[in-house]
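Welcome! Please keep the 3D view open while you read.

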Amino acid sequence: MGTLANKRVVLGVTGGIAAYKSADLLRRLQTAGAEVRVVMTAAATEFVTPLTFQALSGHPVHLDLLDPAAEAAMGHIALARWADVILVAPASADFIARLAQGEGGDLLTTLCLASIGPVAVAPAMNQAMWAKPATSANVRTLGERGIRVFGPAAGYQACGDTGAGRMEEPEVLTLGVAELFATGALEGRKVVITAGPTREAIDPVRYLSNHSSGKMGYALAEAAREAGADTVLISGPVALPVPARVRCVKVTSAAEMLAASLAEVADADLFIAAAAVADYRPRTVASQKIKKSGDTLSLELEPNPDIVATVAALAERPFVVGFAAETENLLDNARSKLLLKGLDLVIANDVSDTEIGFGSDDNQVLLISAFETLRPPRMNKAPLARLLIDHIATLMRTGGTANPAPEREVLV
Ligand code: C5P
């Protein structure tokens with residue numbers, strides 16, 4: 001089963017008596033580890049007040065598409081990007097019809113249109129409305145477009161009827177949303193991922209290092225585990241929690257990272273080098289703290305081993321993915337890295353842009369293989385990690401090429 005730890009859920013509430021159950025659903029999503037923001041349609045506010053959801057979620061409820069205050073805080077596009085998943089529960093017959101039509105007349109339909117992640121709906125309506133061919137056709141359309149439809153359940157209805165149309169119970173919906181993240185794309189595979197910076201000792205108290213936060217590598221480890229992989233994270237010193245059910249080998253220097261990587265890749269299917277390995281290390285490490293003097297101090301540095309190139313050169317090697325963080329000539333530099341290091345895929349990003357890359361939550365990358373160069377949209381590191389893992393799993397299955405998914409711009 002998937003987990004909702006660290007997942008961001010937009011809970012959409014539309015007008016129906018089942019909206020009272022959405023408060024319980026919100027609580028259950030939170031208990032499963034999710035951070036939840038609530039969006040209500042105007043009709044929903046006739047059933048439950050926004051204050052209920054504000055109090056439970058700890059955040060103002062989003063109500064209007066064109067609300068200047070909301071746009072200044074978190075606009076509708078930012079909210080769509082923020083979400084790992086949008087769950088609309090209850091989804092009324094009217095909302096389902098508008099979603100099937102691709103309408104964007106209110107905040108919730110616009111969010112679903114703008115979302116690049118999964119969208120799920122939990123229909124809730126009178127049994128006769130559910131049974132109508134128009135509703136069936138709309139629900140079929142949603143399913144064909146990849147929108148998950150949970151339920152509805154059958155039983156007693158608030159209007160006194162009995163039949164299909166009750167909103168699926170909150171605990172079932174919570175499990176269903178968690179399952180959306182368990183793709184199974186790497187089921188039975190072993191994945192080894194390096195992450196974070198390395199520290200190269202100068203003396204017992206000082207070191208050379210860099211600003212890598214480790215966020216991308218950790219997000220990849222979480223996504224790989226969600227995809228069913230036995231996942232090992234070889235991590236330099238970072239301030240991030242280890243994702244659940246990921247084995248973490250903590251290392252400090254590049255030499256330690258190399259040794260740990262070689263020990264783990266022997267039976268691995270995929271190696272992803274997301275670490276920002278220090279290129280050089282002091283040739284000698286002073287045994288005592290170097291004393292300050294008025295003179296200049298010279299450090300003699302020697303190159304560190306290239307971990308990803310070493311793994312890629314093994315006779316028995318896994319599928320090997322490297323990163324290229326560049327400040328200029330992104331495409332050329334990344335392509336030469338692909339060749340020089342013998343990689344199967346390079347994930348390239350422009351670190352001169354301060355809104356993406358090192359330490360930031362968003363990332364915009366190019367995916368470069370010998371066969372194609374793709375540009376997924378700019379997105380938060382967690383959904384990007386899932387997209388990358390899915391893409392890599394496809395490459396591993398197809399021997400290096402993937403049919404570009406529609407959301408990816410094909411460059412070459
Ligand atoms: O050469 P450059 O450092 O730009 O290459 C970046 C890629 O190579 C990243 O995937 C990084 O994790 C990997 N790398 C490595 N060992 C090194 C240097 C970089 O595995 N010593």
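Arg 247 and Glu 264 form a salt bridge, with their closest N and O atoms 3.0 Å apart; the term stands for a side-chain nitrogen of Lys or Arg within 4 Å of a carboxyl oxygen of Asp or Glu. This pair links distant parts of the chain, as Arg 247 sits in strand β12 (residues 247-250) and Glu 264 in helix α11, 17 residues apart. Helices (H or I, at least four residues) and strands (E, at least two) are DSSP runs numbered from the N terminus.

Before going on, please note that this is a predicted model, in which local features need pLDDT of at least 70, side-chain atom pairs count only at pLDDT 80 or more, and totals for chains, interfaces and linings use all residues. Residues are numbered from 1 along each chain as its sequence is written, and side-chain values use heavy atoms, with hydrogens and water left out.

Glu 264 also meets Lys 190 in a salt bridge (2.8 Å, N to O). Lys 190 belongs to strand β8 and Glu 264 to helix α11 (residues 254-265), so this contact ties together parts 74 residues apart in sequence. The structure holds 21 salt bridges, and a network of them links Lys 7, Asp 84, Glu 222, Glu 226 and Arg 386.

How open are some of these charged residues? Buried means under 20% relative accessible area, exposed over 50%, and partly exposed in between (1.4 Å probe, protein chains only).

| Residue | Relative accessible area | Class |
|---|---|---|
| Arg 247 | 41% | partly exposed |
| Glu 264 | 12% | buried |
| Asp 344 | 24% | partly exposed |
| Arg 317 | 31% | partly exposed |

## Around strand β17

Strand β17 (residues 345-350) has 5 of its 6 residues buried, so the rest of the structure largely encloses this strand. On one side, β17 pairs with β16 (residues 319-326) in the parallel sense over 6 bridges; pairing requires at least two DSSP bridges between strands. Here Gly 322 stands opposite Val 346. Strand β19 (residues 365-368) also pairs with β17, in the antiparallel sense over 4 bridges, and Ile 368 is the bridge partner of Val 346 there.

## The nonpolar core

A nonpolar core is a set of buried Ala, Val, Leu, Ile, Met, Phe, Trp, Tyr and Cys residues joined through side-chain atoms within 4.5 Å. The largest one has 35 residues, of which Leu 186, Ile 193, Leu 220 and Leu 270 touch the most other members. Helix α14 gives the largest share, 9 residues.
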